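Here are my notes on this one, in the order I went through it. Have the model open while you read.

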Amino acid sequence: MENNQNNHDAVNSHNHGGDEGDAWGVHENNSKNVSTWMPVDRYASEYNMKHKKRGSALIFNHETFTNHTLKARAGTNVDAENLSNCLKKLHFSVEMCKDFMFKEIHGKIEKLAKTDHSDSDCILIAILSHGEFGSIYARDIPYNLDSIWSFFTADRCPTLAGKPKLFFIQACQGDRLDGGVTLLQRTETDSGSVSSMSYRIPTHADFLIAYSTIPGFYSWRNTTKGSWFIQSLCQELTANGTKYDLLTLLTFVCQRVALDFESNTPDCETMHQQKQIPCVTTMLTRLLRFHDK
């Protein structure tokens, strides 16, 4: 009882005075008042990953494109197969979507968003394609990534409210290169009043978006082994998928990409010996562990 009271008081203490937004201009409010069942206690430290099903995983794998200026993505099928196998071992229901047009992607995403996810822990969507800053390519046209995850906000997909919505994006976010920096080993001589039973959450809470590279930069793919990011992600999921929480695991994915890979293009000096670092955007509100089922 004491802990609940302390939590209640903590919420109230944040509501003293008036709250203002750090924006200028007229604000449009398109959100609806939606109520749904909470999947976990208000102040639980971890997501509830003990539903009947882990959840759906869609892998949009793009190898060829109608735009002939976009090269075929050799190695992407290795990525898709390896990722599918890793996710199945974590009890995801995996569906592979190969070379989909944008209309097909939109239809598949819309269908998934309308599905009842009451018995699922989470959802996961992976997109393997060409990209540039702010957009990614379907087989026919580029599209804004916001058009994918906006289907799964808590007001539009209530059965996923309070549950993790995970997105993994293997694509360039620009054409800048990262030449890296050499680190030398240092030697010694180198000297409001809310019920504690129910609670409200932001519609965009509980998302995680992991990009293979940072905005503006190139993303590397080996033509036989697959992309650096998906290789590293699969290695970590296989080794530590049930051991670490997801953000810890993704930290080690970043470590693998940053330390274990360097481009090998000796015939093109500007592209040779380049580096890469993934970028993780998280709106998760709890720890996420893929417990065994």
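1. In which strand is the place of Tyr211? Tyr211 sits in β8, the strand that covers residues 207-211. Keep in mind throughout that this is a predicted model.

2. Let's stay with Tyr211 for a moment. Tyr211 counts as buried because its relative accessibility is 14%, and the cut-off for buried is under 20%. If we skip the neighbours within four places in sequence, its contacts are Leu145, Trp149, Ile169, Gln173, Phe229, Pro278, Cys279 and Thr281. Cys279 is worth a click: the C-alpha atoms of Tyr211 and Cys279 are 5.1 Å apart, although 68 residues separate the two in sequence.

3. Tyr211 also turns up in the lining of the largest cavity. That cavity has a volume of about 50 Å³. Along with Tyr211, the lining has Gly131, Glu132, Gly134, Ser135, Ile136, Leu145, Ile169, Ala171, Cys172 and Gln173. Two elements give two or more residues to this lining, namely β4 and β5 (135-137). By class, the lining splits into six nonpolar residues, four polar and one charged. Leu145, Ile169 and Gln173 are named both in this lining and among the contacts of Tyr211.

4. Now for the second largest pocket, which holds about 830 Å³ of space. Its lining comprises 31 residues, and those nearest the centre are His130, Tyr218, Ser219, Trp220 and Arg221. At least two lining residues come from each of β4 (131-132), β9 (221-222) and α5 (228-240). The class counts are 11 nonpolar, 13 polar and seven charged. Note that β4 contributes to this pocket and also to the largest cavity.

5. On to the charges. How many salt bridges does a search of the whole structure find? The search gives seven. One of them pairs Arg54 with Asp121, with the closest N and O atoms 2.9 Å apart. This pair joins distant parts of the chain, 67 residues apart: Arg54 is in the loop between α1 (2-13) and β1 (56-61), while Asp121 is in the loop between α3 (102-114) and β3 (123-128).

6. Asp121 has another partner. Its side chain also meets that of Lys293 in a salt bridge, with an N to O distance of 2.9 Å. Arg54, Asp121 and Lys293 are therefore linked in a network, given that a salt bridge here needs the nitrogen and oxygen within 4 Å. Are Arg54 and Asp121 buried or exposed? Both are buried, and for Asp121 the relative accessible area is 0%. Lys293, in contrast, counts as partly exposed because its relative accessibility is 42%, between the 20% and 50% limits.

7. There is also a salt bridge within a helix. The side chains of Glu110 and Lys114 meet at 3.7 Å, N to O. Both residues lie in helix α3, four residues apart, which is about one turn of the helix. Glu110 counts as partly exposed at 29% relative accessibility. Lys114 counts as exposed because its value of 66% is over the 50% limit.

8. Two backbone angles deserve a look. His91 has a positive phi, near 75°, and is a residue other than glycine. Its place is the loop between α2 (76-89) and β2 (93-98), and at 35% relative accessibility His91 counts as partly exposed. Gln273 has a positive phi too, about 55°, and is not a glycine either. Gln273 belongs to the loop between α6 (246-260) and β11 (279-282). With a relative accessible area of 44%, Gln273 is partly exposed.

9. Last, the overall numbers. The protein chain has six helices and 11 strands. Its 293 residues include 42% that count as buried. The chain exposes about 16,900 Å², and carbon and sulfur atoms supply 50% of that area.

Technical notes. Residues numbered from 1 in each chain as written. Predicted model: local features only at pLDDT ≥ 70, side-chain atom pairs only at ≥ 80, totals over all residues. Heavy atoms only, no water. 1 Å grid on protein atoms, 1.4 Å probe; cavity = no way out; pocket = protein on both sides within 12 Å on 5 of 7 lines; lining within 4 Å. Points joined across faces, edges and corners; volume = space filled by probe spheres on them. Nonpolar A, V, L, I, M, F, W, Y, C, P; charged D, E, K, R; others polar. Buried < 20%, exposed > 50% of the residue type's maximum accessible area, 1.4 Å probe, protein only. Areas by Shrake-Rupley, 256 points an atom, 1.4 Å probe, with all protein chains shown as cover. Contact = heavy atoms within 4.5 Å.
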